[in-house]
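Student: I have a structure open and have not looked at it before. Can we go through it together?

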Amino acid sequence: GETITVADLAQKMALKGGEVVKALFKMGVMATITQSIDHDTAALVTEELGHNVVRADAADVENELLAHVEDVQGEKVARPPVVTIMGHVDHGKTSLLDYIRRTKVATGEAGGITQHIGAYHVETGKGVISFLDTPGHAAFSSMRARGAKLTDIVVLVVAADDGVKPQTIEAVQHAKAAGVPLIVAVNKIDKSDADPMKVKNELLEQEVVAEEFGGDTQFVELSAKTGQNIDNLLDAISLQAEVLELQAVAEGRANGVVIESALDRGRGPVATVLVQQGELKKGDYLVCGVQYGRVRALFDETGSQVESAGPSIPVQVLGLSGVPDAGDDFVVVEDERLAKDVAQQRDAKRRESRLVAQGGNRMEDIMAQL
Ligand code: GTP
Ligand code: MG
């Protein structure tokens, strides 16, 4: 590990070398001013002397963290696909997932509108599939962008009685920007005014070309209400997933991404994360954006406690020091020290850049008054 000389450490705290030697002596460590001590001892004596331990070099701790991620080098095995459901408001995204999961989330939503990213994994006849449900309302563009980035496949839901609408087009653009393959679910075909051919033609204009038109996009005409052809959609997803040959290391320290986060009154900070590599376990230390902590409990989407979660599986994490941002990476580390160091360094950096930004605003204010 790293070491530091007693003299250097004393200088960092603006103390005389002798004072640090004395404090070390009280801790049972014999060292002269010119001798080196290891990081843990240095941290202990620093705290003993009433100073905060923040490692000076942000790049150092980030590199150490990166080494942790690269360390996850077991055998790669097949992993479930992560599928994001996107589309215009009210076109039936949540209803479709409800049918697949045999739940009734859509009917319980305020105003019948999804306002967050729902994350579920489902055991289908075709194996496990993880789904992210995104909001279709115009206001939630950043959530859709995030959903498209985290995913392997986008299922674009278009209501056959309504056709291609602004957020349909937006979803196509997010999927293209993220380089993710699309499957189109032409929904609500049970309705008398359903016109699936119109949907195909309108998507042609967005360069989403159905196989029957010589393109490579799978279209499935279905009904989230009656369940008609939903099996075909699951087949289409499996087919697409096979082509992608999705793999991940399933053992060892986990890393992944925060899908959503919130401060829960009783439980404290709660983060819904998607594991991308390794196995996230109860008791693990992790860094998550500028937050860190030890996993106190893990819950699946039904609210049941689980002991661990592997690749492509969404899981709720309790035990973080604060609420991370959606989109933050998380990395499991071997001990609390590194987790804390990285989180503190990032936090310090963020404060710095905020100060700069605030300064910038003030400057603008001044300019405006001139
Ligand atoms: P946002 O999340 O707000 O963007 O909406 P959504 O795309 O999740 O739509 P949701 O599943 O909430 O469905 C909107 C309405 O369409 C509800 O009243 C559903 O019952 C109805 N609906 C969804 N799918 C079908 C379908 O296949 N057929 C019919 N007839 N109605 C459907
Ligand atoms: Mg919805």
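Tutor: We will take the ligand and then a pair of helices.

Tutor: Keep in mind that this is a predicted model.

Student: OK. How many residues surround ligand 1, and which are the closest?

Tutor: There are 19 residues around ligand 1. The closest are Lys93, Ser95, Thr114, Gly136 and Asp190.

Student: What are they like, nonpolar, polar or charged?

Tutor: The shell around ligand 1 has ten polar residues, six charged ones and three nonpolar ones.

Student: Which side chains have an N or O atom by an oxygen atom of ligand 1?

Tutor: Among them are Ser95, at 2.5 Å, and Lys188, at 3.0 Å. From the backbone, an N or O atom of His91 lies 3.3 Å from an oxygen atom of ligand 1.

Student: And how much of ligand 1 does the protein cover?

Tutor: On its own, ligand 1 has 650 Å² of accessible area, and the protein covers 81% of that.

Student: Which helix gives the most to the shell?

Tutor: That is helix α5, residues 93-101, with three residues.

Student: Switching topic. How do α5 and α9 pack?

Tutor: Helix α9 spans residues 230-244, and its axis is 11 Å from that of α5, at an angle of about 90°. An angle from 65 to 115 degrees counts as roughly perpendicular, so α5 and α9 are roughly perpendicular to each other.

Student: Which residues make the contact?

Tutor: Leu96, Tyr99 and Ile100 come from α5, and Ile230, Leu233 and Leu234 from α9.

Student: Are those polar or nonpolar?

Tutor: The contact of α5 with α9 has six nonpolar residues, with no polar and no charged ones.

How values were computed
Residues numbered from 1 in each chain as written. Chains lettered and ligands numbered in written order. Predicted model: local features only at pLDDT ≥ 70, side-chain atom pairs only at ≥ 80, totals over all residues. Heavy atoms only, no water. Near = heavy atom within 4 Å. Polar contact = N/O pair within 3.5 Å; in protein donor to acceptor, adjacent residues only side chain to side chain. Areas by Shrake-Rupley, 256 points an atom, 1.4 Å probe, with all protein chains shown as cover. Helix = DSSP H or I, 4+ residues; strand = E, 2+ residues; numbered from the N terminus. Nonpolar A, V, L, I, M, F, W, Y, C, P; charged D, E, K, R; others polar. Axes fitted to C-alpha atoms, helices over the stretch in contact; angles between N-to-C directions. Parallel < 35°, antiparallel > 145°, perpendicular 65-115°, else oblique. Contact = heavy atoms within 4.5 Å.
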